Amino acid sequence: MVAQPFTVDLNKPLVFQVGHLGESYQEWVHQPIVSKEGPRFFANNFLEFLTLTVWWVIPLVWLPVVCWFEYTSFQRGLTLTQIAVLMIVGIFVWSLVEYTLHRFLFHIKTKSYWGNTVHYLLHGCHHKHPMDGLRLVFPPAATALLCVPFWNLVKLFSTPSTSPALFGGGLLGYVMYDVTHHYLHHGQPSSAVPRNLKKYHLNHHFRIQNKGFGITSSVWDKMFGTLPPTKFAAAVARGR
């Protein structure tokens, strides 16, 4: 007797279901459901709460932290000009981190139960429900955990006076990334640059999901050869 393929019940909490899809998970998760109403992740109300974050929480929580890091470098003897330069370097480095994480971690291929489950929590849920406004930005508690290894890494390659300014710049880059990401999904840009960036990102979601990994910029996609083919970009630009 041939076993029937597993079917996800969208009316039940999803997180502990998706692992059962096995090798079918990749196909399932990249068939988006376009609805502003997000699914339930967990039966437990507290765990469910931890997955929900409104976009403005990101600058509210992290911009004061950015300022504290920059002020720390100032107290340690750096000039405002030096701090500004280090912040720009930090933002630039973050843009590469953003691209690298999105391409090599968020789009990793999984098929095991726990592999699928973790991937769904990390990024798969966003591709399945791309318009879920409460799961477009990273929860601050999870970001805080990730800050620890990144902060230690920055300290390895910089001095005690420069490391806070550099890390603060990277953190500012993250804030810019997360609020931009939310805007690209729910904003209605009127000027050319954000409008084209929105088309570029939605192209990644709805047309060719293994290309176009940049969120705030397409620079790294151009550099590493992951720019979507011209025909896809042209089709998106025409709104088809």
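These legends accompany close-up views of aromatic rings in a predicted model.

**View 1. Tryptophan 28 and tyrosine 120 make a tilted aromatic pair.**
The model holds 17 aromatic pairs, and here we look at one of them. The ring centres of tryptophan 28 and tyrosine 120 are 6.1 Å apart, with 40° between the planes. Tryptophan 28 belongs to helix α2 (residues 25-29) and tyrosine 120 to helix α6 (residues 113-128), so this contact ties together parts 92 residues apart in sequence. Tryptophan 28 counts as buried at 15% relative accessibility, and tyrosine 120 is buried too, at 0%.

**View 2. Phenylalanine 92 pairs with tryptophan 220.**
With centres 5.5 Å apart and planes at 50°, this pair is tilted, because the angle falls between the 30 and 60 degree limits. Phenylalanine 92 sits in helix α5 (residues 80-105) and tryptophan 220 in helix α10 (residues 219-224), which links parts of the chain 128 residues apart.

**View 3. Five aromatic residues gather in one cluster.**

**View 4. The charged end of lysine 128 sits over the ring of tryptophan 28.**

**View 5. The charged end of arginine 135 sits over the ring of phenylalanine 41.**
In this view, the charged end of arginine 135 is 3.7 Å from the ring centre of phenylalanine 41.

Technical notes:
Residues are numbered from 1 along each chain as its sequence is written. This is a predicted model: local features need pLDDT of at least 70, side-chain atom pairs count only at pLDDT 80 or more; totals for chains, interfaces and linings use all residues. Side-chain values use heavy atoms; hydrogens and water are left out. Rings of Phe, Tyr and Trp (its six-membered ring) pair if their centres lie within 6.5 Å; planes under 30 degrees apart count as stacked, over 60 as edge-to-face and the rest as tilted. Helices (H or I, at least four residues) and strands (E, at least two) are DSSP runs, numbered from the N terminus. Buried means under 20% relative accessible area, exposed over 50%, partly exposed in between (1.4 Å probe, protein chains only). A charge sits over a ring if NZ of Lys or CZ of Arg is within 6 Å of the ring centre and within 35 degrees of the ring normal.
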